[in-house]
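Here are my notes on this model, written as numbered points. Have the structure open while you read, and jump around as you like.

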Amino acid sequence: MLLLQRASVFPSDPTTAIIKVEKSHHPPQNQIPVGTNAAVKFISNCISLESNRESKLSVSLKWTSASGDTEFSSAFPPDVIIVGAGVAGSALAHTLGKDGRHVHVIERDLTEPDRIIGELLQPGGYLKLIELGLEDCVEQIDAQRVLGYALFKDGKNTILSYPLEKFPANVAGRSFYNGRFIQKMREKAAELLNVRMEQGNVTSLLEENGTVKGVQYRTKDGVEHKAYAPLTIVCDGCFSNLRQSLCQPKIEVPSCFVGLILENCQLPFANHGHVILADPSPILLYPISSTEVRCFVDLPGQKLPSIRNGEMSKYLKNIVAPQIPPELHDPFIYAIDRGNIRTMPNRSMPAYPLPTPGALLMGDAFNMRHPLTGGGVTVALSDIVLLRDLLRPFHNLNDAALLCKYLESFYILRKPVASTINTLAGALYKVFSASPDQARKQLRQACFDYLSLGGIFSNGPMALLSALNPHPSSLVLHFFAVAVYGVGCLLFPFPSFERIWIAAKLIWCASGIIFPIIKAEGVRQMFFAATFLAYYRAPLGRRSLLRRRGEISPQPKWL
Ligand SMILES: Cc1cc2nc3c(=O)[nH]c(=O)nc-3n(C[C@H](O)[C@H](O)[C@H](O)COP(=O)(O)OP(=O)(O)OC[C@H]3O[C@@H](n4cnc5c(N)ncnc54)[C@H](O)[C@@H]3O)c2cc1C
């Protein structure tokens, strides 16, 4: 048992500090505000004292200088470098920092991001935030509770509630400004003494004999730096330029989202996401603050009408506006006229890792899916929980080859949850998109009618969508139940030759939608993860084996 120490810092001049050490049995980190002196104004000052394994005392200092920059000085080299402090990077930095790792985060831009992505967190993702101790990051940002979806088709609508009955009252989806959420997580991570956040643009990974040793980065003054750590985790998002050597990226861009903010309007169903099964593809609406509604119009393909020459406004007014619920029509037109129209490509990329000693990919850099179902943040948080649990027993990260072998289990263990969310997103996008094909039309109608049946027919799919029960087998079951329901509607009461033909094509279509996605995700990893040896390499896999054998009790359902 190591003796922990308490210390205080007294700044004497800009370059030195007097450190006074007292004995204490408190946790290894203390934040000690200090006063000011004539030479430099220390707004806050933090010190952490830690004993290393040889019982030598070491010091980490972190303070905010008069210019507002966070200064950092540590006797410890980082255990982990994290590239990018977006959703994944900032949550991961806090998580690993809380576990006592020394983390160096390098983020291109530490100011509040202004983006149109990652604004809706599914309830399953909120549960992951709780597991990570980050749930307060959706507080005081005017985040809105989301309790389910309203689905609109041809003037009809149906309400699909998340199956939240078995969960504590605070568990629900949340929607918010992405930048506010990220900034909260960054602040929380940066409060930890052993987490260093630095602004810099990572330009390359530093490799030696096939092992990643660190990164090269440029700070805003244009100076090139190198940072080294036993593990580098790349979380540089969907446009990642570092992923190439760590995975085999197969990126598809099936469509783009055109984003608008509708102001001072009420959605037809408060606290619900709204999905309009429009032509040519879905329109999405959800609140992002108490007065604003995010509207995403999906446009298939990658070629968009020009915003600059007014073609986009014309398209939105003539083709999209008539399909918007009447109560939102005027705010929609007003938002177009205000002119703040933004676009974003919707990328999808199954995870094909190339396990590399010393490095790991996370978040969108690693795996992407269509954003229709708002699953990206949930997958990233779920991966972080898994990685944290896997790394916990691994005190020393220095044996890169051993760690790399061990972390192969990460790629297997994440699959059932991540692939279910990914497959659902890809399949729903295709089913919800309009098509001139009769069988596709019937499938879309069958999906709307099936979900409208309520009970298990909406609860099952909503448990998948919300990531409260992301089970691959449940996904396949409900997907084909929709197809069979569609066939039933076609054949009863009077099957004609033409209807039998459309019914056969419907089954063919449904298979043609879901099977290629599952194949790309990996059938064995998704459905038979336990048949991989790597699955049992980690304590988590071994635990689930024991659970299956009944040797340990299952986790409470809501965890
Ligand atoms: C249009 C759209 C809407 C979406 N809506 C939702 C939604 O509602 N709900 C949901 O769950 N998911 C949604 N997603 C997906 C979600 O946004 C992502 O899954 C999530 O943001 C991934 O987090 P990340 O940390 O990997 O990437 P990001 O959050 O993008 O973070 C990447 C970070 O890396 C930094 N960075 C990049 N390159 C470098 C570099 N070279 N050096 C240093 N730093 C670097 C960037 O500045 C950024 O801060 C949406 C996606 C799209 C495209």
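Predicted model: local features only at pLDDT ≥ 70, side-chain atom pairs only at ≥ 80, totals over all residues.

1. On the H1 side, the contact uses Val87, Ser90, Ala91, Ala93, His94 and Gly97. H3 answers with Ile182, Met185, Arg186, Lys188 and Ala189. By type, the residues of this contact come out as six nonpolar, three polar and two charged.

2. What surrounds the ligand, and which residues are the closest? The shell has 35 residues, and the closest are Gly84, Gly86, Gly237, Gly363 and Gly376. H6 gives the largest share, four residues.

3. Staying with the ligand, its shell divides into 17 nonpolar, 12 polar and six charged residues. At least three residues come from each of two domains, namely domain 2 (77-141 + 176-251 + 349-413) and domain 3 (143-166 + 252-347).

4. Now for some backbone details. Most residues other than glycine have a negative phi, and most peptide bonds are trans. Asn209 has a positive phi, near 50 degrees, and is not a glycine. You'll find Asn209 in the loop between E15 and strand E16 (211-218).

5. One joins Asp279 and Pro280, with omega about 15 degrees. Pro280 sits in the loop between strands E20 (272-276) and E21 (283-287). Another cis bond joins Phe492 and Pro493, and there omega is about 0 degrees. Where is Pro493? Look in the loop between helix H12 (472-491) and helix H13 (497-521).

6. H12 and H13 make an angle of about 170 degrees, with their axes 9 Å apart. Over 145 degrees counts as roughly antiparallel, and H12 and H13 are therefore roughly antiparallel to each other. H12 brings Phe479, Phe480, Ala483, Gly486, Val487, Leu490 and Leu491 to the contact. From H13 come Arg499, Ile500, Ile502, Ala503, Leu506, Ile507, Ala510 and Ile514. The tally for the contact of H12 with H13 is 13 nonpolar, one polar and one charged.

7. H13 has a further partner in H10 (residues 438-452): the axes of H10 and H13 come within 8 Å and cross at roughly 75 degrees. Angles of 65 to 115 degrees count as roughly perpendicular, so H10 and H13 are roughly perpendicular to each other. Here Gln438, Ala439, Arg440, Gln442 and Leu443 of H10 meet Ile502, Lys505, Leu506, Cys509 and Ala510 of H13. The contact of H10 with H13 has six nonpolar, two polar and two charged residues.

Terms used:
Residues numbered from 1 in each chain as written. Near = placed C-beta within 6 Å. Helix = DSSP H or I, 4+ residues; strand = E, 2+ residues; numbered from the N terminus. Nonpolar A, V, L, I, M, F, W, Y, C, P; charged D, E, K, R; others polar. Domains from an automatic or database assignment. Contact = placed C-beta atoms within 7 Å. Axes fitted to C-alpha atoms, helices over the stretch in contact; angles between N-to-C directions. Parallel < 35°, antiparallel > 145°, perpendicular 65-115°, else oblique.
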